[in-house]
Each structure stands twice: as structure tokens, then as C-alpha cells.
Protein chains: 2
Amino acid sequence: MTIADTNSWRGIQAELLRRINEREWLPGSLVPSEADLAIEFGCARATVNRAMREMADAGLLDRKRKAGTRVALHPTSRVVLDIPIIRLEVEQRGAEWRYSLIESSAEPASLALTSRLGLPRDSEMLHVRSLHYADNRPFLHEDRWINLDLLPHVRSVDFSAISANEWLIQNAPYTAGDISFSAMGADAGLADLLDAPEGAALFVIDRITWDKDRPVTAVRLSYAPGYRMNTKI
Amino acid sequence: MTIADTNSWRGIQAELLRRINEREWLPGSLVPSEADLAIEFGCARATVNRAMREMADAGLLDRKRKAGTRVALHPTSRVVLDIPIIRLEVEQRGAEWRYSLIESSAEPASLALTSRLGLPRDSEMLHVRSLHYADNRPFLHEDRWINLDLLPHVRSVDFSAISANEWLIQNAPYTAGDISFSAMGADAGLADLLDAPEGAALFVIDRITWDKDRPVTAVRLSYAPGYRMNTKI
DNA sequence: GAGTGGTCTAGACCACTTG
DNA sequence: AAGTGGTCTAGACCACTCG
């Protein structure tokens, strides 16, 4: 029928998606077992498994041993965001990237921060603030705290030559991270830096990364007004 | 060594991740071929493939035939967001969900919208606006346009009884979607509806869904101030 | 041309869960 | 107890792409 009706796993996946999309298989209903589908499509069971596993990962199917496979009741759409290095993000937009360091100094971190990170209160951390530009217009403000216990030699890095964002990606591996996205009104300081009116709505990303339960860095990225983060389903 | 050093694909993947995280394999460097790793781990090549494929999907490895596999230079972190039905999102926060329809009427859509959707200009679409509440406080404003050509019987749906969000998920399959996230200041109308000051920073999701190149619906979700979208890496 | 990853097979055993 | 998905194997052929 379709272009991909070879008995490849992609072709099978496309057919299964069709049956779900066209309501041939209703939400919540039991679908045939891998073995049966393998017979129907004339292929090995592993091929059917390859097709269905991805759909289960994507939340379209619910699979349980013995109980079999069902079409998911609430197909929560799963969105994948790629968060690149800021320099690359700017350059991908066809703009020229520029960067300027505002401040880099070791300071005792706030109680709010140390408690979130599980560090002793008043721990000294490296506070790095900088601005990233796209075509000489402010693009985002990076406000970062780096764990000096974990990365002591970061004290001697010259963050006017390389952005903290990029240095960390290349030098500080992490195993987990928490991210949150929100909207905030620009305070006077941010408004000035981003060349925006005070109170302007800013898109904000807060991220904390961990290396096996030890915090690496906490950062807030505040984008200049008008920024959109795009993706596809 | 580690807990999972059985020669399962998970164990192998953990070991590969360790080599990357601990800089045993440097970014950009060539890693052994699947065949060599299979010998090293004493398993079948398919098992190594299973471990590495996922890492390539996640952006940690770059794989090319003949050229081999390299550790990615810029490990762009990949974030997965689950976007559930709004009712479930509210209930998952432990709040009581309530919903109120503001408007539902067939109207000619703006040129901006019809051109984005690839519809004839002045096409009539169903415009549905509603408010979702969490514990009786405004949670988000849903402003939606539905393609009447594709879904003619939507005219007779009573959107005061079921939210457009939920009705569409259950009745209108889609095959693709564009999503964008941004921050916007609340205009007078939204401020009033969301019980927020005018100009307050709102987190906004714009989404257009398609069923094989035919637009299904375009929606803007404007969240009340303070909303955060959280996830993990 | 040759090396690498992409995929498929036929079979096997196991883990989990339900009846 | 039995059915289902999860995984692994040994082998095979193919597609791609680099040298």
C-alpha cells in the first residue's frame, strides 16, 4: 500500500500507527501478540518487537508481559527538545554570536540555592554572569553558580575567553539534570542588560545538573523578549 | 565492576556511558566497532548495537557506516516533555480541575492563521475559547481554532460539557505537530480572565497539529503566572 | 574495494504477570 | 501453569561511505 510496506520494522510500525490513527484498533483495546503479528506480516518476532518497542517508549502502546499490548488510553504527546550550546543555537539561527562576561567571582551561595543543591549552607560557589548576543543584540542572560568543591580548578578559568556554558559542557560531565521552563517579568537589572522594557515577559530556563548526586552547576537562562523554543511532535 | 555488568545491553550501555563520562573516550574520538566491542564484552553484535543505538538517538554518539562511531562533540542534551491532557495535568498536581467554556462559534479565520495552515483565505473555522481551573483558580486559557473541513461534525459538539482539548485527543487523530514555547505579557483580556495584572509574564504554548498535511487544529495555551514546566534529563 | 553500521532471521531462554 | 513481552545469539545480507 504505502511506500514503506516492505516488511521492515519501519513499514510494520507505519502500519500499526495507521491502525491506531484510523481507529481500527481502539484506545484501550488489546492488540495481537508479537508472535501473531509476526505471522501476519511474515517476519521474525524480533522485527515486530522493534516496531512496537519504540511505540511503547513513545507512550502510544502499553505493554505488559502476559497481559499483552494495549493501545494507550491517553496518548500523552511526547515532545523532544534539543538543547544545544548557546553559541550553536545562535549560529543555527544564522546570526553572529558574541559573548560578554559580566562577573565571575567566588561567593557564598544563598541558602535557597545550597539547600536545593544539598550543599552545606554558605558554601562558596563560583558565580558567573554573562550576556550572549546574536548579531550584536542581547540574546540571553546566563546566571550561573558552579560547585567549587567538585570543580576546584574552575577558579582559574578565564570566562571572558570561553563561555561558562561551553566550558562546562566540554569539561564537566554530568549524569542527570533537572530543567524547568517558565515565564518571568524582567526586573530593572535584566531589563537594562537585555535592552528590554522593565516588566517585559522573558522566557526562562532553570537547570541544575548533577554528577552522581553531587551538584555540578545551577544556571538560569533568561532570554530576550520574543524568543521562541520550537519543536515538532 | 558495577552492579549491572552482566552482559545485558543495559550493562554494556552503562559501561560505555562510564567511558564517555570519565573521559576515557574523549569527545570526537573514534570508538571501537560493534564487532570489536562484541568480542570484548563476549556478546553478540546485536547486543552492542542495542546499547549504542539508543545512545546515538540521544545524541551522545555519532554513527556513520564505514566511518564508525565517534563520541559526540557537542552532547546537546535532549529533553523529553510529556504533554498530557490538561485535566490530567491539573489532577496530577493534586488539584481539582474545573473547566468553563467562554465562546464557541464558527468564524472566518485570520489571514495569518489560514496561511500558516495552508487553508484558503477566509476559511471558516470553529473558534473555541475556554478556561481551565485548578482548585477554582484560573490555570490556563485555551484559545483554539478547529478545521471544519476536516471535522465537520465538530459543529454539533457541546464544548461546555467536554473540553476541546480532551474531545480532540479522543476524536481527532493527528500524525504530526509543531509546538513552540514562549513568554508573553498578558493583554487586558487575558489578565482579566486569568486574574492576573495586565502585562504579567505568561508561559505560552502554541501548537498546530496535522493529519497527513491537513491541519487539524491550532491552539494557544496561556498559563496563569507562576506556571513552570518541569522535566529531567 | 572494503569496512562499518542497519537490519533481519530463526531460535532460544528468561521474567513477569495473570488466570 | 501458561502466555506474553524482554532479551540474547549466531549468522547473514545489505547500504552506505570512506579511502
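## DNA strand D

A phosphate oxygen of DNA strand D is 2.5 Å from an N or O atom in the side chain of Thr47(B). This is a polar contact, meaning a pair of N or O atoms within 3.5 Å; within protein, one must be able to donate a hydrogen and the other to accept it, and residues adjacent in sequence count only if both atoms are side-chain atoms. The model is predicted: local features need pLDDT of at least 70 and side-chain atom pairs count only at pLDDT 80 or more, while totals for chains, interfaces and linings use all residues. Residues are numbered from 1 along each chain as its sequence is written, chains are lettered from A and ligands numbered from 1 in the order in which they are written, and side-chain values use heavy atoms, with hydrogens and water left out.

A side-chain N or O atom of Arg65(A) lies 3.1 Å from a base nitrogen of DNA strand D, and a backbone N or O atom of Glu34(A) is 3.0 Å from one of its phosphate oxygens. Around DNA strand D there are 25 residues, of which Arg45(A), Lys66(A), Ser8(B), Trp9(B) and Thr47(B) come nearest; a residue is near a molecule or strand if one of its heavy atoms lies within 4 Å of it. Sugar or phosphate holds 68% of the atoms of DNA strand D within 4 Å of the protein, and bases hold the rest.

At least two residues of this surface come from each of α3, β2 (61–64) and β3 (68–71) of chain A and α1 (9–21) and α3 of chain B. Helices (H or I, at least four residues) and strands (E, at least two) are DSSP runs, numbered from the N terminus. With four residues, α3(B) gives the most. The surface near DNA strand D has five nonpolar, eight polar and twelve charged residues. In this classification Ala, Val, Leu, Ile, Met, Phe, Trp, Tyr, Cys and Pro count as nonpolar, Asp, Glu, Lys and Arg as charged, and the others, Gly among them, as polar.

## DNA strand C

DNA strand C is surrounded by 24 residues, the closest being Ser8(A), Trp9(A), Thr47(A), Arg45(B) and Lys66(B). Of its atoms that come within 4 Å of the protein, 65% are accounted for by sugar and phosphate. Arg65(A) places a polar side-chain atom 3.0 Å from a sugar or linking oxygen of DNA strand C.

Elements giving two or more residues to this surface are α1 (9–21) and α3 (45–57) of chain A, with α3 (45–57), β2 (61–64) and β3 (68–71) of chain B. The most come from α3(A), with four residues. The surface near DNA strand C has four nonpolar, eight polar and twelve charged residues.

## Contact between chains A and B

Chain A and chain B each give 51 residues to their contact, where contact means heavy atoms within 4.5 Å. The area buried between them is about 4,200 Å², with 49% from carbon and sulfur atoms; buried area is the accessible area (1.4 Å probe) that two parts lose on being put together, summed over both. Phe181(A), Arg228(A) and Ile233(A) supply 13% of the area that chain A buries against chain B, more than any other three residues.

Six salt bridges cross this interface, a salt bridge being a side-chain nitrogen of Lys or Arg within 4 Å of a carboxyl oxygen of Asp or Glu. One of them joins Lys232(A) to Asp178(B), with the closest N and O atoms 2.8 Å apart. On the side of chain A that touches chain B, β8(A) gives the most, with ten residues. Strand β11(A) runs antiparallel to β8 (residues 176–185) of chain B, joined by five bridges, and Met229(A) stands opposite Phe181(B). Two strands pair if DSSP finds at least two bridges between them.

## Within each chain

In chain A, Arg45(A) forms a salt bridge with Glu34(A), the closest N and O atoms being 2.7 Å apart. Arg45(A) lies in helix α3 and Glu34(A) in helix α2 (residues 34–41), so the pair ties together parts eleven residues apart in sequence.

Chain B has an open sheet of three strands in the order β1-β3-β2, with antiparallel pairing. Its edge strands are β1 (30–31) and β2, each pairing on one side only. Four bridges join β2(B) and β3(B), and Leu61(B) stands opposite Val71(B).
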